[in-house]
Amino acid sequence: MATATMVLTRVKVQRRFGLALRVTVVIALLALAALPLLLGGDVWAQRISRAAIYAVIGLSINTLTGHAGQISLGHQAFVGIGAFAAAFMASRLGAPLGFGLAAAGVAGAFTAVVIGLVALRVTGLYLALVTLAFGLTAETTIFNWREFTGGGAGAFAPRPAVLASDHAFAPLCLGVLGLVLYLDWRIVSTKTGRALAAVRNDERIASTLGVNVTGYKLAAFSLSGLIAGLAGGLFAHWNQIVQAMDFEFQVALVWVLMTVVGGLRSRLGVILASAFFALLPLTLPNFLSSLPWQPPFLNEAVYHVLPPFIVVVMLLIVLRCFPGGFGQLLRPATAWLSGKRQS
Amino acid sequence: MKRRQLLKVEGLMLRFGGLQVLNDLSLSVREGQIVGLIGPNGAGKTSCFNCLTGIYQPQGGRVFFDGRDVSHLPTHRRARLGMARTWQNLGVIDALTVTENVMLAQHQRAGYSALAGMLGLAGTWHRERELRRDAAEIIEYFGLEEVADERTGALPYGVRKTCDMAMALASDPKMLLLDEPASGLSPEEALGLAGTLRELRDRLKLTILMIEHHVPLVAEVCDYVYVLNFGELLTEGEPAAIQRHPEVIAAYLGGAAEPTEPPEWPLQPEGAPNGTA
């Protein structure tokens with residue numbers, strides 16, 4: 001009896017110790033991630049904002065592709081419409097930032113629902129083609145509609161005085177990222193996540209279990225569009241000017257690829273991969289051209305086109321070696337941190 | 001004393017292009033009955049289920065469930081009225097664990113909206129815990145505790161089949177539509193299923209319509225049997241009468257209907273006992 005109690009106590013102590021250790025590790029990692037923001041100066045604050053915005057976009061694609069199993073190759077349309085809506089609200093109407101972001105989210109959601117209505121009719125490859133065509137069309141039509149977007153000159157999206165500095169703006173981006181992370185977590189922990197998993201895997205089975213397949217597909221599109229629009233609004237104020245060329249197809253492609261490389265349905269994986277691909281074009285060319293030895297025929301211009309290649313190479317490695325993306329590689333660590341027993 | 005009809009089908013017509021899959025099919029199931037739907041392969045049994053659940057939209061005919069015309073309701077609305085089904089090739093979602101699958105089947109009685117769940121409103125956390133507890137009970141009833149946290153995709157056929165059945169029950173239905181519940185089971189397991197089905201009917205007041213090839217099981221549990229052949233109703237009646245029906249024998253054996261002596265049971269379960277459906 002006494003021994004049994006002792007064993008139980010020891011298990012409890014170990015667990016509590018394990019919990020303390022895990023919490024410490026999480027705090028240490030967060031602190032490490034916050035270091036550049038605290039010590040890194042304006043450049044790093046700006047980069048962190050960009051990384052957070054990319055992560056929000058990644059989670060938007062994760063909602064649609066990861067949870068609902070629908071593909072979108074036209075995400076630049078949702079993000080871009082959000083960005084132009086926010087810029088329009090800020091520069092033309094002089095609305096406060098909050099209203100601008102709300103308008104960005106609504107605009108993104110509305111656009112995505114329109115595409116969602118198409119997605120109810122076509123799936124797979126055809127949906128990919130439809131979204132691709134929609135994104136390309138949006139670029140040349142909506143984004144060049146002079147009254148709304150300022151045409152080629154672009155639209156200004158000034159920040160309010162309190163958020164004028166990059167150090168003040170970064171927490172806003174991180175806050176939105178936190179909010180989206182919370183939504184994603186609640187989705188997978190409730191009936192919504194299970195219903196979406198059923199829709200993704202077998203629509204017939206889903207419907208006979210009482211899941212409104214049509215409703216959930218549209219909901220996934222609208223939520224994904226809402227998040228993408230929000231990210232667009234943040235991007236507008238991050239850059240303080242929005243131009244049609246910010247939302248070209250290549251960007252949308254990188255977003256989809258980074259989400260896959262990060263690992264569909266893995267929040268941490270998507271965040272890490274998004275941050276990586278957000279920062280790569282900013283840091284890699286400078287880093288390479290600052291190296292003391294430069295290989296022949298290579299120069300800064302070449303370094304600037306490297307990142308897309310790296311994305312593709314990483315995609316191939318991921319698809320070949322670990323289809324679950326970064327999330328799959330990190331699973332042992334995340335399982336330990338979340339306190340799950342390894343079997 | 002006749003109990004009321006829970007399911008009633010009138011003149012179902014289903015065509016795929018030039019192929020007449022179901023032709024003027026009518027049947028009815030009374031509350032608390034276990035009814036069998038048998039017939040050779042390709043007779044249209046599963047198509048009939050698909051029309052009942054709304055997956056196929058038949059060209060003609062009407063479906064009444066629980067006193068209302070559900071002919072034009074989408075599948076998920078029919079499910080919410082209390083129609084649950086299992087599938088010949090299993091209705092489990094392979095990417096989810098057994099527990100998640102059972103909780104998925106509880107979708108319609110979760111009691112909170114998708115938006116509330118997403119926002120994490122107060123009641124939803126509590127409700128999720130309740131659903132998880134209910135799921136654990138159902139899982140225990142079916143003896144699936146050992147594999148509760150395994151993905152169903154990684155489990156053997158028999159276990160996934162049991163999971164499918166557990167899911168059908170988890171939705172808290174009035175009526176079960178079972179598509180070959182005994183396929184893939186050994187003869188002993190199939191007869192064991194008879195006990196389970198009766199228990200479901202008596203304890204949970206369920207009504208069951210099942211497609212089945214395993215004839216001893218049909219003879220054992222069914223109150224009434226419909227025989228389908230080439231999309232048409234060949235005959236109907238109590239199991240004992242059906243098994244002596246000359247046309248039934250002919251449909252199954254494909255020969256002329258001339259039973260010279262009272263047959264033992266000519267309808268062989270297709271592919272059983274090691275059968276695949």
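This is a predicted model: local features need pLDDT of at least 70, side-chain atom pairs count only at pLDDT 80 or more; totals for chains, interfaces and linings use all residues.
A residue counts as buried here if 20 or more other C-beta atoms lie within 10 Å of its own. By that rule helix α8 of chain A, residues 191–201, is mostly covered, since 10 of its 11 residues are buried. The buried residues of α8(A) are Lys191(A), Thr192(A), Gly193(A), Arg194(A), Ala195(A), Leu196(A), Ala197(A), Ala198(A), Val199(A) and Arg200(A).

The cover over these residues comes from both chains. From chain A it includes α2 (41–67), α7 (166–189), α9 (203–208) and α10 (213–239). From chain B it includes α3 (98–105) and α4 (114–119).

Two packed helices are described by the angle between their axes and the distance between the axes. On α2(A), the contact is made by Ile57(A), Gly58(A), Ile61(A), Asn62(A) and Thr65(A). On α11(A), it is made by Trp255(A), Val256(A), Met258(A), Thr259(A) and Gly262(A). The residues of this contact divide into five nonpolar, five polar and no charged.

Elsewhere in chain A, Val118(A) lies in helix α4, which covers residues 97–119 of that chain. Val118(A) is partly exposed, because 14 other C-beta atoms lie within 10 Å. Val118(A) and Ala157(A) are 39 residues apart in sequence, and their C-alpha atoms are 32 Å apart in space.

Chain B can be read by its domains. The domain assignment gives domain 1 of chain B as 1–82 + 174–277 and domain 2 as 94–172. Five residues of domain 1 of chain B are in contact with six residues of domain 2 of chain B. The side of domain 1 that touches domain 2 has three nonpolar, one polar and one charged residues.

Chain B also has an open sheet of four strands, with the order β2-β1-β4-β5 and antiparallel pairing. β2 and β5 (68–69) of chain B stand at the edges with a single partner strand each, so one side of each has no neighbour in the sheet. Strand β1 (residues 5–16) of chain B pairs with strand β2 (residues 19–30) of chain B over eight bridges. In this pairing, Phe16(B) stands opposite Leu19(B). Two residues lie between the strands of this hairpin, in which Gly17(B) takes a positive phi near 60 degrees. β1(B) also pairs with strand β4 (residues 60–65) of chain B, in the antiparallel sense and over five bridges. There, Glu10(B) stands opposite Arg62(B) of β4(B).

Most residues other than glycine have a negative phi. Which values does phi take at Asp24(B) and Asp172(B)? For Asp24(B), in strand β2 of chain B, phi is near 50 degrees, a positive value. Asp24(B) is partly exposed, with 14 other C-beta atoms within 10 Å. For Asp172(B), phi is positive at about 60 degrees. Asp172(B) is found in the loop between α6 (157–170) and β7 (175–179) of chain B. Asp172(B) is partly exposed too, with 13 other C-beta atoms within 10 Å.

Strand β7 of chain B belongs to an open sheet of six strands with mixed pairing, in the order β6-β7-β8-β3-β9-β10. The edge strands are β6 (83–85) and β10 (232–237) of chain B, each of which pairs on one side only. Neighbouring strands of this sheet are turned by 20 degrees against each other on average, direction ignored. Within the sheet, strand β3 (residues 34–38) of chain B pairs with strand β9 (residues 224–229) of chain B in the parallel sense over four bridges. The bridge partner of Ile38(B) in β9(B) is Val227(B).

Definitions and conventions: Residues are numbered from 1 along each chain as its sequence is written. Chains are lettered from A and ligands numbered from 1 in the order in which they are written. A residue is buried if 20 or more other C-beta atoms lie within 10 Å of its own, exposed if 12 or fewer, and partly exposed in between; C-beta atoms are placed from the backbone. Two residues are in contact if their C-beta atoms, placed from the backbone, lie within 7 Å. Two strands pair if DSSP finds at least two bridges between them. Domain bounds come from an automatic or database domain assignment. Ala, Val, Leu, Ile, Met, Phe, Trp, Tyr, Cys and Pro count as nonpolar, Asp, Glu, Lys and Arg as charged, and the others, Gly among them, as polar. Axes are lines fitted to C-alpha atoms, for helices over the stretch in contact, and angles run from 0 to 180 degrees between N-to-C directions.
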